[in-house]
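Let's take a walk through this fold, one piece at a time. Have the structure open and follow along.

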Amino acid sequence: MDPFLVAVGLVGNRELTDELLNEVLAMLPLVAKGISEAELASIRKQLESTIGVSMVAGQGLHDEEIAPWLGEIKATQKWDYWDAYVKQLKSKNFGQAVLRVLDEDTDGILNECGNPAQSGPWQSKGLVMGDVQSGKTANYCGLINKAADSGYMVIVLLTGMLEDLRSQSQERLDEGFVGRDSRQLMEKGRAERVIGAGRFRDKIPNVLTSIDSDFLSSNHRAIGGIPLVNIREPVLLVMKKNKSPLSNLISFLDSQLRGKAGKLDMPLLLIDDEADNASVNARKDEDPATINKLIRQLIGRFSRVSYVGYTATPFANVFINPDIDDLFPSNFVYSLNTPTNYLGVASFFSEAGTHKYCVQDIDDAEALLPYAHKKDHSVTTLPASLWEAVQVFLLSCAIRDIREEPLRHRSMLVNASRFTDVQGRISGVIKDRLYGLSEDIKQYLASERWADHPSLLELHRLWESHYADCGIGWDTVRANLYEAISTVTVVTVNQKSDDSERLNYAQYAGSRFGRRVIAVGGLTLSRGLTLEGLCVSYFYRNSKAYDTLLQMGRWFGYRPGYDDLCRLWVDPLASDWYAHLSEVVDELRYDIRRMHANRLPPSQFGMRVRSHPDALIITALTKMRNADDVQVAISYSGFGAETPLLPDDEARNDANLSRVAEFVAGLGAPTRSQSSASNRATWKDIGKDRIASFLENLEILDLNAHFIRDHATGTRPLLDFIARNGVNGLDRWEVCLPQGIGREVPQIEVTAPDGTRAPIRARRRQFEKVRRGSGFLRLNKQRVGDASDELVGLEKSEHLAAASDWETERQKDDRLGTSIPGYFLRKFRRNPLLTIHVVEPAESTDENAERAEKMMRVADIGPKSLVAIGISFPEFDGKAESVVYSLNKVALRAAGLLMEEEDGQDED
């Protein structure tokens, strides 16, 4: 018997502690004779990464339209499909805690869907949020199994827009739901070989798509011409979000009606994976985009429908107009949690990240692979960092083989160009260099003369740099390296890839070495596609759209037993953006928990998320590619805004300093602050009219997303709100002027309590490099203030209450950091706050010269003081403000907000 399964049996249902783990490993040699120390070490890692995992169920928002129904049938319903799926997951070493939460989550989601036994008409529309590569597929596969047991008869899974992803999704549903090879079912009407969940039940669902085939007009023959309404077992279709298969399905459904009026009276479960991609309408409602229109037509063919969107990046979905017949999640929003062994944004990029050591800087790629290259860009050699990443991947393959990992697949990701032609050239150069290195490894590395060869010396240096403490010596690695890498293949994964370059992990499932690939691509690699056994990633892209960055992070996910070997090469600026994204994701989850506790419906979710337009405006503007104007609704409750983009114009900056000096002089002596924030001049009880007037006269660039002007009126919606709102508590403001350690700013003096006046000192800040002539300067990470700024105006008791509440949140999600973020402190604020930042350029303190070169030098900016501002609102009850934004692509590109198009398409 498999020693690992023996160990699982010895653990049983007990909590996995160090003591229990040592006890089980001590007993194992008595049961499994001849087991080696290396095998025991491997089993220890497997147990820690499966059984030793904790997890909690998710939370959601819902309205009252769909009444709870699952509890009434839970005990009496036969759960044949679900029980078989659970047994299948257990056979793949899913731990008990994870299975329990999967059961709770799928119950929670199914309960929000319509009751299939209830007569129609009815519709339920919802959204499920989960992290990138976190197990959303396992969740919706579980939902499909439970839906099949409870009476849903037509189940459609919409995947991305590419066949690779659709085929991969079909393969997983074959294993987790169908229980047979869909190709055989489509071709022969039967399948001799039972796979996956099919091993644990007799039932076989119908399937009208296969691993090789999306829905074609002839596919309906697979059910033998039986009308849909007469089938006994559910029908599954796994489809791309493309016009042709969707149109084929709608035509087939129309033929089922046989010219009769009305709709099909059978329950449909429509699962929309990557629901923010292609499904969201990017045009005016009277002329919806093709995919959006076809999905709505598909829904319209059934009288009983549950639409469930799944995504890790829901920013675009909440912009759907809830007042029209579209795909807004009007009935529920459900947020999934991740197990403790999930490696997400915070794991790699936050200050307290457990795997920060995995992140390596790319500091040499700009000359060979500039961000602004075109599709005819020549690639004749590789950046040294990319070739280093390839070699580290080869070393990791050998170490993982020596550790005898159960997973045989090994993958590396290279994402360094959006153009398919350039991706092909990068692949070609990697292939050439890999061939030469492989020959050297084959002929010389195992011999004692290996050190005579420079390429092998370089491998040894990289082993010492990255893996010297992995527990396996260099001589063992070099003895096994060639065998481990002999099957490594470089494949280009994009729209132009042919069948020979598809990932096809399933075809290598029985191979001794599995599938071993270096996958070179762009956006095709960024939407739902899973790279099995991904260990090394090389990411050199400059998109700053939040959803794009998250989706491109294929390295997020589960790395059982080899997380210590994972390495990620990124541009330091992208690393900074991911660090900021970890805060955005945390804030989004906090909002869901807060709204769940307050029993708020999904219609309020959109308003709340729109209060963070630094995320959502970026997404909305880029999704609305065919519109000149973008209309969004923004709530300023709990809202924070800054101006990280400053004028690159001496006269405008001097004018701003003069306006600050005049404004501050008119405020009189600062109030003696009771805040725990120190070294700041603060004023209280300042009227909103004075605040609005000061901001209106300040030179604020329109490129600052929160301060964009309304296209129709020419005014700034945020400033209009400040001046004209009638919200109680927003009429009196606090003003803060932080002191820095920079030069004195003689234009601005502050009155001390004794009546004397003294100039303030500027805060020192680093600036990112921008294109010459762009007309603006950009603060590093587009952040102006620091976390302590949000403490201004809070009494000590309020600060302590915030700290206590934050600790409670951290207990719910151990990925949260110890520092209280600004968005959380704003819930304790009583009055709005204006913070005036006077900043001056500072030299980079980074010891890495190449990384420091990414920052603008002080000499490039000059010894000048600049004015930036920050605004913080308390939480309040109030409606969202409708805002129309209009920016052309030149402005979007200059601000770094223009999202890249699909692989191979020109930016224009």
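**Strands, helices and one buried aspartate**

Ser537 sits opposite Leu568 of strand β14. Before going further: this is a predicted model, where local features need pLDDT of at least 70, side-chain atom pairs count only at pLDDT 80 or more, and totals for chains, interfaces and linings use all residues. Residues are numbered from 1 along each chain as its sequence is written, and side-chain values use heavy atoms, leaving out hydrogens and water.

Back to the strands. β13 (residues 534–539) and β14 (residues 567–570) run parallel and are joined by 4 bridges. β13 also pairs with β10 (residues 410–415), again in the parallel sense, over 5 bridges; here Ser411 has Leu534 as its bridge partner. Two strands count as paired if DSSP finds at least two bridges between them, and the elements themselves are DSSP runs numbered from the N terminus (helices are H or I with at least four residues, strands E with at least two). How many residues of β13 are buried? 6 of the 6 are, so the strand is largely enclosed by the rest of the structure. Buried means under 20% relative accessible area, exposed over 50%, and partly exposed in between (1.4 Å probe, protein chains only).

Now for an open sheet of 8 strands, ordered β1-β8-β2-β7-β6-β3-β5-β4 with mixed pairing. β1 (59–62) and β4 (206–207) are the edge strands with a single partner each, so one side of each has no neighbour in the sheet. Within this sheet, β2 (residues 122–129) and β7 (residues 302–311) run parallel over 8 bridges, with Trp122 partnered by Arg304 in β7. Helix α6 packs on the sheet and touches β1, β2, β7 and β8 (332–335); contact here means heavy atoms within 4.5 Å.

Asp107 lies in α6 (residues 96–112). Asp107 counts as buried because its relative accessibility is 16%. Setting aside neighbours within four places in sequence, Asp107 contacts Leu70, Lys74 and Lys146. With Lys146 there is a side-chain polar contact of 2.7 Å (a pair of N or O atoms within 3.5 Å; within protein, one must be able to donate a hydrogen and the other to accept it, and residues adjacent in sequence count only if both atoms are side-chain atoms).

Last stop: helix α16. Its buried residues pack against α13 (384–402), α14 (420–445), α15 (454–466) and β12 (516–521). On the other side of α16, Asp475 and Ala479 are exposed.

Technical notes: Axes are lines fitted to C-alpha atoms, for helices over the stretch in contact, and angles run from 0 to 180 degrees between N-to-C directions.
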